[in-house]
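Here's a friendly walk through one protein model. Have a look at the sequence and the structure first.

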Amino acid sequence: MEYIHAKRARGVGKQYGYNNNGRPAAGGNSRQRAERGEFDFDVINGFKLKEVEFKTPGKKTRVARREEFKTQVRPAFLKYVAAHYEKELRAMGISDKGLESMRGGRSVNGYNVHHKLPIHGGGTNDFKNLIIMPIPPHDELHHDVIDPQLKGKDLAAGIKIKLPWSDDMVWKRPAQSRQKLNTVAAAAALKRRER
Ligand SMILES: [Zn+2]
């Protein structure tokens, strides 16, 4: 499910430390706000922020899933997308040589197979949970959105976080790196769908 917040007075408040509702924000910089799951964007690098439970499974499960990913799932996923998404992979910048590696189940330099819900958050190796993407926008998802929300939390107990989510298996470069969706138009569209 996506969130539509109340309309935000654009530009107003942000520089004065006010939050979306016009109340003074509880704390300062964007890092601290990210730790509380507060972001100035709803979409980052083409991924929509979606609230999910992040719960670290037991060590045995984590180790087994990582091993399964490395030895079986990543090679199979690379072969699968090379066979079905060649056009999209080329659009993302993957060369003939890169495609050749992928057909052999091997990784391509500069690209990462990302777990949308990380294994340490309870994510599985299902293809629907995987996406191939360039490393810089990949690392931003972790550093700017996921990691801050995990800081100091009891992850074994499970917490709610805003997770960057995409339904795609091959990344598409978006027109804008960060985007705000909670406009009046988006809220109205959601209302129409609910009717
Ligand atoms: Zn990742």
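## The overall layout

First, a word on what you're looking at: this is a predicted model, in which local features need pLDDT of at least 70 and side-chain atom pairs count only at pLDDT 80 or more, while totals for chains, interfaces and linings use all residues. Residues are numbered from 1 along each chain as its sequence is written.

The protein chain has six helices and six strands. Here helices (H or I, at least four residues) and strands (E, at least two) are DSSP runs, numbered from the N terminus. Read from that end, the order is α-β-β-α-α-α-β-β-α-β-β-α. Of the contacts between residues at least 6 apart in sequence, 69% join residues at least 24 apart; a contact means that C-beta atoms, placed from the backbone, lie within 7 Å.

Four strands make an open, antiparallel sheet in the order 5-2-1-6. Strands count as paired if DSSP finds at least two bridges between them. At the edges sit strand 5 (159-165) and strand 6 (178-179), each pairing on one side only.

Strand 1 (residues 43-44) and strand 2 (residues 47-54) pair over two bridges. Ile44 has Phe47 in strand 2 as its bridge partner.

## Helix 5

Helix 5 lies across strand 1, strand 2 and strand 5, and runs at about 170° to strand 5. That angle is taken between N-to-C directions, from 0 to 180 degrees, with axes fitted to C-alpha atoms (for helices, over the stretch in contact).

Helix 5 has a kink of about 30° centred on His143, the bend being the angle between axes fitted to the seven residues ending there and the seven starting there. Just after helix 5, Gly152 takes a positive phi of about 70°.

## The cores

Which residues have the most contacts inside the largest nonpolar core? They are Phe77, Val81, Ile131, Ile132 and Val170, in a core of 19 residues. Such a core is a set of buried Ala, Val, Leu, Ile, Met, Phe, Trp, Tyr and Cys residues joined through C-beta atoms within 7 Å. Buried means that 20 or more other C-beta atoms lie within 10 Å of a residue's own. Helix 2 gives the largest share of this core, six residues.

Leaving aside neighbours within four places in sequence, Val170 touches residues including Val81, Tyr85, Ile131 and Ile132. Another core, of seven residues, lies apart from the largest one; Ile44, Phe47, Leu49 and Val145 are among its members.

Conventions: Contact = placed C-beta atoms within 7 Å. Buried ≥ 20, exposed ≤ 12 C-beta atoms within 10 Å, placed from the backbone.
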